Amino acid sequence: LNTQAETVSSQLASSDAAANASATASAPLLATADSPAIEIIDPPMSLMRGLPTVTLRAGTTKKEIVGKIKAPKGISSLKINGQPQPVDDYSLFWVDVPVKGLRTPVKIEAVDKAGKSIAFDFSLVTEEQKLEKSEKLVQASSLKVASNTQLGNFHALVIGNNTYQYYPTLQTAVNDAEETAKILREKYGFDTVLLKNANRFDILSELNKLRESLKPEDNLLIYYAGHGELDETNDRGYWLPVDAAPGDTTNWISNVSISDILNTLAAKHVLVVADSCYAGKLSQAAVPRVDVEMSPEAQQEWIRIMAKARARTALTSGGVQPVLDNGGGGHSIFAGAFLESLAHQDGVIDGYSLYREVLGKVRTRAKALNQQQIPEYAPLRYAGHEAGEFFFQAQ
């Protein structure tokens, strides 16, 4: 099964013009000239920030998988989700996979007569019931803030992972991270650290540096763009560094671990912006929100209270579902909306107002690509959130 690491990264390709288009049907998982290879003919797959994904309509109970095994030395066996499957004289297979719940994992394993093996993992994801009404597009407005309001110092750790050892290569995560670091630094005055194609050690080392250096008056934004996974056994989401391997959590970084680290930080306000599959497992409940119809005096008092209270919040690109890797003009749909929303702001904007603008943009653009993606904004689980809010202050 170790050939998956060398092969999956080249199997999927898509463009902004068709972000939900299928992976090239003839793209084999080929490690060497004489190794077995798995070719998925149908269904088409979308490039997501997690395992390759097939989106199914709500109510689907089974899905036919059609594929071909290329084995120059002959086929010894084929298993799908552990069950032996026949292969015809043309090395083709047709299998109906039962769909169970919102996410059904599929594992295809092939062994040739020389004993060489290959495996391919993907997920069947059932759409949640779509809302009938379109999301109203909302543009966030700057808050009315007194000139002497002190919001503290701003820091950012920005992570973008494209090139994975054992997962499909992503197209936009590094670009998303680079542009996010740039706008935070140049427009909002953040002191930024940018990590590209980071492994587990890289990420945890930077988080530990922040634990040692940040002070109570500081604000921290952590941006993560890359693959994510869900461990259904313990209902826990994970970020996947570039050295993470499927089925082996050794190098995965769990949401619980992230929350534990953030709980120990001295920083007053922390916002995690996560653009990965299953990022919704980071958050819970809801956050206080400002009423834009408040008087300037009332807004100022609200900001004063929120600025003093400890905040640990998360803005995630989707709930407990896969999210698109592109579709946003060289960025993911989420990153494109996030960057656009930050770009037009002046003055001070709170996290929830930014989220409302991003939400409308993402839902509309995903729907145009026949996908459903709904960002979320809420306190981080078990990270020490009190009642505060994260603020962006344009320079």
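This passage walks through the fold of a single predicted chain, from its overall make-up to a few local details. Because the model is predicted, local features are reported at pLDDT of at least 70 and side-chain atom pairs only at pLDDT 80 or more, while totals for chains, interfaces and linings use all residues. Residues are numbered from 1 along each chain as its sequence is written, and side-chain values use heavy atoms, with hydrogens and water left out.

The secondary structure of the chain comes to seven helices and 19 strands; helices (H or I, at least four residues) and strands (E, at least two) are DSSP runs, numbered from the N terminus. Of the 395 residues, 54% are buried, where buried means under 20% relative accessible area, exposed means over 50%, and partly exposed lies in between (1.4 Å probe, protein chains only).

In soluble globular proteins, nonpolar side chains tend to be buried together. A nonpolar core is taken here as a set of buried Ala, Val, Leu, Ile, Met, Phe, Trp, Tyr and Cys residues joined through side-chain atoms within 4.5 Å. The largest such core has 74 residues, and those with the most contacts inside it are Leu 184, Phe 190, Leu 221, Leu 262 and Phe 392. Beyond its neighbours within four places in sequence, Leu 262 is in contact with Ile 222, Val 270, Val 272, Arg 310, Arg 312, Leu 380 and Ala 383. Another core, of 20 residues, lies apart from the largest one and has Leu 78, Ile 108, Ala 110 and Leu 124 among its members.

Six of its six residues are buried, so E16 is largely enclosed by the rest of the structure. Ala 311, Thr 313 and Leu 315 point one way from the strand, whereas Arg 312, Ala 314 and Thr 316 point the other way. Two strands are said to pair if DSSP finds at least two bridges between them. E16 pairs with strand E15 (residues 269-275) in the parallel sense over six bridges, and Val 273 stands opposite Leu 315. E16 and strand E18 (residues 376-379) run antiparallel and are joined by four bridges, with Ala 314 opposite Ala 378.

Helix H3 (residues 200-213) has 14 residues and reaches 20 Å from its first C-alpha to its last, close to the 20 Å expected at 1.5 Å a residue; that expected span is 1.5 Å times one less than the number of residues. Its buried residues are Ile 203, Leu 204, Glu 206, Leu 207 and Leu 210. Seen down the helix axis, these fall within an arc of 160 degrees, so they line one face of H3; the arc is that of the directions from the helix axis to the C-beta atoms. The buried residues of H3 pack against strands E9 (153-160), E10 (191-196), E11 (218-225) and E14 (253-254), and against helix H4 (255-264). On the face turned away from the buried side sit the exposed residues Phe 201 and Glu 212.

One of the strands packed against H3 is E11, which holds Asn 219. At 1% relative accessibility, Asn 219 counts as buried. Setting aside residues up to four places away in sequence, Asn 219 touches Leu 151, Gly 152, Asn 153, Phe 154, His 155, Lys 268, His 269 and Phe 390.

Elsewhere, five strands form an open sheet of mixed pairing in the order E2-E8-E7-E4-E5. Strands E2 (53-56) and E5 (83-84) stand at the edges, each with a single partner strand, so one side of each is left without a neighbour in the sheet. Within this sheet, strand E4 (residues 75-80) and strand E7 (residues 103-112) run antiparallel and are joined by five bridges, and Leu 78 stands opposite Ala 110.

Most residues other than glycine have a negative phi, and most peptide bonds are trans. A cis peptide bond, with omega about 10 degrees, joins Asp 42 and Pro 43, and Pro 43 is in the loop between strand E1 (37-42) and E2. Asn 81 has a positive phi, near 50 degrees; this residue is in the loop between E4 and E5 and is partly exposed, with a relative accessible area of 37%. Ser 91 also has a positive phi, near 65 degrees, and is found in the loop between E5 and strand E6 (92-98).

Note on methods
Contact = heavy atoms within 4.5 Å.
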